Number of protein chains: 2
Amino acid sequence: MTQALSGMRVIDATQILAGPYCTMVLGDMGADVIKVEKSPGGDDTRRMGPYTDGESHMFMMVNRNKRGISLNLKEEEDKKILYELVKTADVFIENFRPGVAAKLEIDYETLKELNPGIIYCSISGYGQTGPYRNKGGFDIMAQGLSGIMDMTGEKDGKPVKVGIAIHDIAAAQTAIQSVLTAYIHKLKSGEGQYIDVSLVDSALAWTVWEAAAYFGEGQLPKRNGTAHRAAAPYQGYATRDGFILIGAANQKLWEKFCLYVVDQPQWLEDERYSTNSLRNEHALQLEVDIENVLRTQSSAHWLVLLEENGIPSGPIYSYDQTMNDQHIQEREMILEYEHPQFGTLKTLGFPAKYSQTPAKLSKPAPRLGEHNEEIRAELGL
Amino acid sequence: MTQALSGMRVIDATQILAGPYCTMVLGDMGADVIKVEKSPGGDDTRRMGPYTDGESHMFMMVNRNKRGISLNLKEEEDKKILYELVKTADVFIENFRPGVAAKLEIDYETLKELNPGIIYCSISGYGQTGPYRNKGGFDIMAQGLSGIMDMTGEKDGKPVKVGIAIHDIAAAQTAIQSVLTAYIHKLKSGEGQYIDVSLVDSALAWTVWEAAAYFGEGQLPKRNGTAHRAAAPYQGYATRDGFILIGAANQKLWEKFCLYVVDQPQWLEDERYSTNSLRNEHALQLEVDIENVLRTQSSAHWLVLLEENGIPSGPIYSYDQTMNDQHIQEREMILEYEHPQFGTLKTLGFPAKYSQTPAKLSKPAPRLGEHNEEIRAELGL
């Protein structure tokens, strides 16, 4: 089957996570992605473990479906190769600190002279404008600035970071959608353009519920563990062997829960628990009471009872449980592939399932400089 | 200026967050989005506060740049209006539980008979296939299943949920990029297609660092507060009036930190703190020691000293601090607009800054059924 982005060429001068994740997705959907790595050394991720025979799993995870060329952009000859590549491309993506691309003479002003239709996307920590533009961009600092870290954590605890690098991923997502949008514009008009994406802006734009409450009524999103801010029980609880989620947010579900799941009919007589708003007010005591019962049995035991009684619920999986879950596997979220040197490896699957233009795993991540000769030959050099 | 998606028409039969966020972004970039709401009642979000004159801020936040029509799809006359709309559209998006669209006779098989080129995107909690496909899809349950909740929280604490609805937003992001990709394919070939997006798959596909460590070496991503798993000090610390982030991850930065920021030269003689790996091993004691000093002064005081000494650092803002930050404002991440009934309102800005096809705020979210007559007239009904 054809792929939706076949015919799109992307020159990827990014490293670490945000940029490479963006270009990986473009490659998954069929774009010809050429990753330009600095020589010597390559992508900094190449020096992040774990490794197989010296090759980084972090690197391999986010650089599948790309070819690789290594260039020293401080040398004229290598810079010329980059320029020749840019002339053949639809998209150029970089994640240097603002100003560095200009020093290297690979900024938008320079590249659009070579290829007026180029779509040039810059990814940085804080963006190309504003007072913080020259600060180094780290996911953790962006989580702090956006307010997302402050709203994540236990009720009486400290702020905690989101378990994944949410701002890096958000910048990748924003870059993907803006590059695709600009490509649609280019297909219709022939015109290229410049796109400025930052880590901070990208996840901040996701705080829509929080912004609505704040702009509408000045409410601040508080840390609240796993708990819903307005309903109880609606959160995670400890069992004998882990944690599960229970969402018995209305009176009918609460009654079923007391009678048929935990067998505590006396809770229905308890005044503190008589309405959703009182249960929410006494959520901490309710948590203690519920966990005292739940700790007598396994998560699996309770999840079956909850399911049988139609109460929204689910496990809080550790990551290995996720990876071994039947549903996750049937959704093809774990792919196996053959690496020419390292044998069978695993990678994550594709979240969007297309009927006509499915994403596919065409090639493993390149070794450093693996396609140097192939790409030079294609350029006639 | 022209917008990149002008000319694209989207029929949006979704509600709550994931679907509406997706279509909001398409509308921000110029698509003609027609939101179909159930009659009576409309989008469930209309009954989620805070409100201004009975209109929900949650609803208004994620439904800007759309027109609205209210339809009762159980009535033939209204269903015919939907069918007529579909004939004029490029994209149809729904987020019913699997099977419901078929019962309503608005599934892909039905709609593609009316419009073979339609791009039909379904968003659901668990996807259209697999053993959990019929479960109700809630963001919190998806956070539990994907492992993201288990990897978020304090080191010795419980799992906590990510402060924002990360799986809802992830599904929106996946839907945006897959609809755009399918639209590129349609522009080139005329062919439409079906796309299956789930909340669970979408954020699971973001756990790339965690998957690399797990597939590569069986490492599980553990909860670790705000702390880096392999470097110290690299985390959040309490000050007199809040929390700040400090990333002094190498020896040189550590020495500067001890001498010029906290003025604790004796830490350089402390064997427990003599290398990064020892500091990491004693990170909890180091946290106590650092916080004892930091609590004597304000966050602002320490951030100036850290910045002066070139140590990566930043605030952990509460959301109101974020909204009032000069940089956030200069990046235009907060937009003001005039609502015809409610006066001046605020909304979040656009994360991608395009030079040629900027996103823009063309219209506020529709009142329920606001464009019923306009849209019927356009269809000649």
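**How the terms apply to this predicted two-chain model**

Chain A has 16 helices and 14 strands, where helices (H or I, at least four residues) and strands (E, at least two) are DSSP runs numbered from the N terminus. This is a predicted model, in which local features need pLDDT of at least 70 and side-chain atom pairs count only at pLDDT 80 or more, while totals for chains, interfaces and linings use all residues. Residues are numbered from 1 along each chain as its sequence is written, chains are lettered from A and ligands numbered from 1 in the order in which they are written, and side-chain values use heavy atoms, with hydrogens and water left out.

Q: What makes A:Tyr120 and A:Tyr194 a tilted pair?
A: Rings of Phe, Tyr and Trp (its six-membered ring) pair if their centres lie within 6.5 Å, and planes under 30 degrees apart count as stacked, over 60 as edge-to-face and the rest as tilted. By this rule the count comes to 23 aromatic pairs over all chains. For A:Tyr120 and A:Tyr194 the centres are 5.6 Å apart and the planes stand at 35°, so the pair is tilted. A:Tyr120 belongs to strand β7 (residues 119-124) of chain A and A:Tyr194 to strand β8 (residues 193-198) of chain A, so the pair ties together parts that are 74 residues apart in sequence. Ring pairs also link A:Phe92, A:Tyr108, A:Tyr120 and A:Tyr194 into a cluster.

Q: What makes the pair of A:Tyr214 and B:Tyr319 edge-to-face?
A: The ring centres of A:Tyr214 and B:Tyr319 are 5.9 Å apart and their planes lie at 80°, so the pair is edge-to-face. This pair crosses between chains, running from A:Tyr214 in helix α9 (residues 208-217) of chain A to B:Tyr319 in helix α14 (residues 319-323) of chain B. Both A:Tyr214 and B:Tyr319 are buried.

Q: Where does the charged end of A:Arg272 sit?
A: The charged end of A:Arg272 sits over the ring of A:Tyr273, 5.0 Å from the ring centre, the rule being that NZ of Lys or CZ of Arg is within 6 Å of the ring centre and within 35 degrees of the ring normal. In chain B, the charged end of B:Arg272 sits over the ring of B:Tyr273, 5.0 Å from its centre.

Q: How do you know that the span of helix α7 of chain B agrees with its 24 residues?
A: The expected span of a helix is 1.5 Å times one less than its number of residues. For helix α7 (residues 166-189) of chain B, this comes to 34 Å, and the end C-alpha atoms are 34 Å apart, which agrees. Of the 24 residues of α7(B), 21 are buried, so this helix is largely enclosed by the rest of the structure. The helix is followed by B:Gly190, whose phi is positive, near 80°.

Q: Why is the meeting of B:Arg331 and A:Asp196 called a salt bridge?
A: A salt bridge is a side-chain nitrogen of Lys or Arg within 4 Å of a carboxyl oxygen of Asp or Glu. The side chains of B:Arg331 and A:Asp196 meet at 2.8 Å, N to O. Across the interface of chain A and chain B the rule finds 12 salt bridges.

Q: How many residues does each chain give to the contact?
A: Chain A and chain B supply 134 residues each, where contact means heavy atoms within 4.5 Å. Between them the two chains bury about 11800 Å², 67% of it on carbon and sulfur atoms; buried area is the accessible area (1.4 Å probe) that two parts lose on being put together, summed over both.

Q: Why does A:Asp107 count as buried?
A: A:Asp107 has 18% relative accessibility, and therefore counts as buried. This residue is found in the loop between α4 (100-103) and α5 (108-114) of chain A. Not counting residues up to four places away in sequence, A:Asp107 touches A:Ala101, A:Ala102 and A:Tyr120.

Terms used
Buried < 20%, exposed > 50% of the residue type's maximum accessible area, 1.4 Å probe, protein only.
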